[in-house]
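Work through the exercises below with the coordinates open. Try each task before reading its solution.

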Amino acid sequence: MGLEKLLKDVLPKGDHFEALHLRNVPIETHPLITAKHDTNEPAPLTIKTQHLFVLFYQGKVIYGLEIYVYLTLKHGSSSLFDAERTIFISKADTTGYADCKLSYKNVTKAIIQYILSLDPNAYLQNVLPKERDYSKIDPSLITKKTSAAKALRIISNRLNQDSQPLRKPLDEQLSHSYQCSHNVKTKLCLFTRPAAEYLFAASSKNPRKHVVDGERLLKWWIDILDEILLETFRENTEAKMRIPGEDPINVKRYLRSTKYGHWEAGDVFGNNGKDLAAFRLPLFPDDPKTRFLRKLVEEDRIYKTDLSTFWTELQERQEFKLSVIVSVIGIYGHVAEIPCNLPSTRDQIEASSRRQFNSIKNYITGEEYDVISGATEAYVNVRDFLKIKLNRKLLQIIGDCQTGRKSKSAERQEVVTTLQVRKRPKKI
Ligand SMILES: CC(C)(COP(=O)(O)OP(=O)(O)OC[C@H]1O[C@@H](n2cnc3c(N)ncnc32)[C@H](O)[C@@H]1OP(=O)(O)O)[C@@H](O)C(=O)NCCC(=O)NCCS
């Protein structure tokens, strides 16, 4: 199912929304899990792709979700690679400027289901390699390895030629493509940690933003993933939750209300507490686990810290405020329907370079959301950039969900006033 339909089904009936689904260039990266030194096996090929989803309502940014998808490729018996897919849900955030019935829980669930439905091969075309082999590219192209004298000769040759022969673009010559079997096993990982804001700076100053505490956030995610397990994964899928420093009995208390029957206390990274954390835990961007692993390297304890010690000490780290509940949630299994959905050009905007991805993302994350004008300016900037530079439009969605709920703040707002744009004071 396309993104538009999935979102339509969870957005309030008759309300008009716009969405941005921006996908970064797939890049070859370091293996997600560090290999032991004594292993002779070649490191698996790992390809990382970043997604950014943003929802807009009445010309304002209201919600964002950042997700990374990793494909780990190993040679199988045929010419196809065997692949494992790791989906890391990195950041979810809201601005508080939606004045309509809206369940972010359902929106988040719909986006994750969309990602789960995507054909892994969609990430394997035009992959940027870790190192570029400039010796293999067309010598009539200028790259950063071309000397100044040679570049001048190339330009002069081009000027002397009446018609240019068609060349493969440089990016295509420097990128790689692969193919993998559709039958990928999927690991879905996230770290639940409440914060006032993740993507939208100063948005917590908006009194209408609903910021939840650690316990509520954990339940919020468990509800989402529980439904995804029932609707999208096969029956025997592993589903685990760990609250660092917390007894498994206490963890199970949070899992009592789940409908999927196989939730357990623990994690999907390793069952043996004596294993070294360095060789079990994946290295995700901007993730507290990764930061702690790096700290262990600095403290020269990386080859001494086992998983049990890692989890106990993680909770004591300064970045966790005392008494705030954080958790690590993981799902590991096969999705029930083979993922073969190829993203349509309507559903997805593929950035042509990492620089382009970051500049579009900066329009969203570079604003200050304490006043509504931040949310409107971000919308206008993205909309105009897409139109002028890429000749593209945001995805237009008219909600079709009858049972949408009205947020309490929206109800209050409706009674008091209609929205007014407050201009931020100009910085002198
Ligand atoms: C996490 C976050 C996105 C959840 O947003 P949300 O508005 O609570 O999400 P939902 O729309 O799904 O609502 C969840 C519940 O809160 C209730 N709710 C929403 N707005 C409310 C409000 N203003 N007042 C009271 N209850 C409210 C809903 O009714 C719903 O209740 P239910 O579970 O009984 O149906 C939001 O708290 C947020 O942006 N937090 C800051 C960033 C953050 O911590 N991100 C987590 C990254 S791991």
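**Exercise 1. A salt bridge and its accessibility**

Is arginine 301 buried, partly exposed or exposed?

Solution. The model is predicted, so all values below are computed from it.

Step 1. Arginine 301 has a relative accessibility of 25%. Buried means under 20% and exposed means over 50%, so the class is partly exposed.

**Exercise 2. Aspartate 286 in its network**

Where is aspartate 286 placed, and which residues share its salt-bridge network?

Solution. 

Step 1. Aspartate 286 is in the loop between β8 (263-265) and α7 (288-298).

Step 2. Look at the backbone. Phi is near 50° here, a positive value in a residue other than glycine.

Step 3. Follow the side chain. Aspartate 286 and arginine 291 form a salt bridge at 2.9 Å, N to O. Arginine 291 has a relative accessible area of 27%, so it is partly exposed.

Step 4. Salt bridges link Glu66, Lys91, Asp286, Arg291 and Lys361.

Step 5. Compare with another backbone case. Glutamine 58 is not a glycine, yet its phi is positive, at about 45°. Glutamine 58 belongs to the loop between β3 and β4. Its relative accessibility is 53%, so it counts as exposed.

**Exercise 3. Rings**

Why is the pair of tyrosine 63 and tyrosine 104 called stacked?

Solution. 

Step 1. Two values are needed, because a pair of aromatic rings is described by the distance of the centres and the angle of the planes.

Step 2. The count for the structure is 14 aromatic pairs. For tyrosine 63 and tyrosine 104, the centres are 5.6 Å apart and the planes lie at 15°. Centres within 6.5 Å make a pair and planes under 30 degrees apart count as stacked, so this pair is stacked.

Step 3. Tyrosine 63 is in strand β4 and tyrosine 104 in helix α2 (residues 104-117), so the pair ties together parts 41 residues apart in sequence.

Step 4. Classify both. Tyrosine 63 has 2% relative accessible area, so it is buried. Tyrosine 104, at 18%, is buried.

Step 5. Note other ring contacts. Tyr68, Tyr70, Phe88 and Phe284 form a cluster through ring pairs. The charged end of lysine 185 sits over the ring of tyrosine 332, 4.2 Å from its centre. Lysine 187 also lies over the face of tyrosine 332, at 4.7 Å from the ring centre.

**Exercise 4. Cavities and a pocket**

Which residues line the largest cavity, and how do they divide by type?

Solution. 

Step 1. There are two cavities of 30 Å³ or more. The largest has a volume of about 50 Å³.

Step 2. Its lining is Leu3, Leu7, Ala19, Leu20, Phe53, Val54, Leu55, Tyr63, Val107 and Ile111. Strand β3 gives the largest share, three residues.

Step 3. Sort the types: ten nonpolar, no polar and no charged.

Step 4. Turn to the second largest cavity, about 30 Å³. Its lining has five nonpolar, two polar and three charged residues. β1 gives the most, with three residues.

Step 5. Finish with the second largest pocket, about 990 Å³. It is lined by 35 residues, with Ile33, Pro44, Thr72, Lys74 and Glu84 nearest its centre. The lining of this pocket holds 17 nonpolar, eight polar and ten charged residues. β5 contributes the most, five residues.

Key
Residues numbered from 1 in each chain as written. Predicted model: local features only at pLDDT ≥ 70, side-chain atom pairs only at ≥ 80, totals over all residues. Heavy atoms only, no water. 1 Å grid on protein atoms, 1.4 Å probe; cavity = no way out; pocket = protein on both sides within 12 Å on 5 of 7 lines; lining within 4 Å. Points joined across faces, edges and corners; volume = space filled by probe spheres on them. Helix = DSSP H or I, 4+ residues; strand = E, 2+ residues; numbered from the N terminus. Nonpolar A, V, L, I, M, F, W, Y, C, P; charged D, E, K, R; others polar. Phe/Tyr/Trp six-rings, centres within 6.5 Å; stacked < 30°, edge-to-face > 60°. Buried < 20%, exposed > 50% of the residue type's maximum accessible area, 1.4 Å probe, protein only. Lys NZ or Arg CZ within 6 Å of the ring centre and 35° of its normal. Salt bridge = Lys/Arg side-chain N within 4 Å of Asp/Glu carboxyl O.
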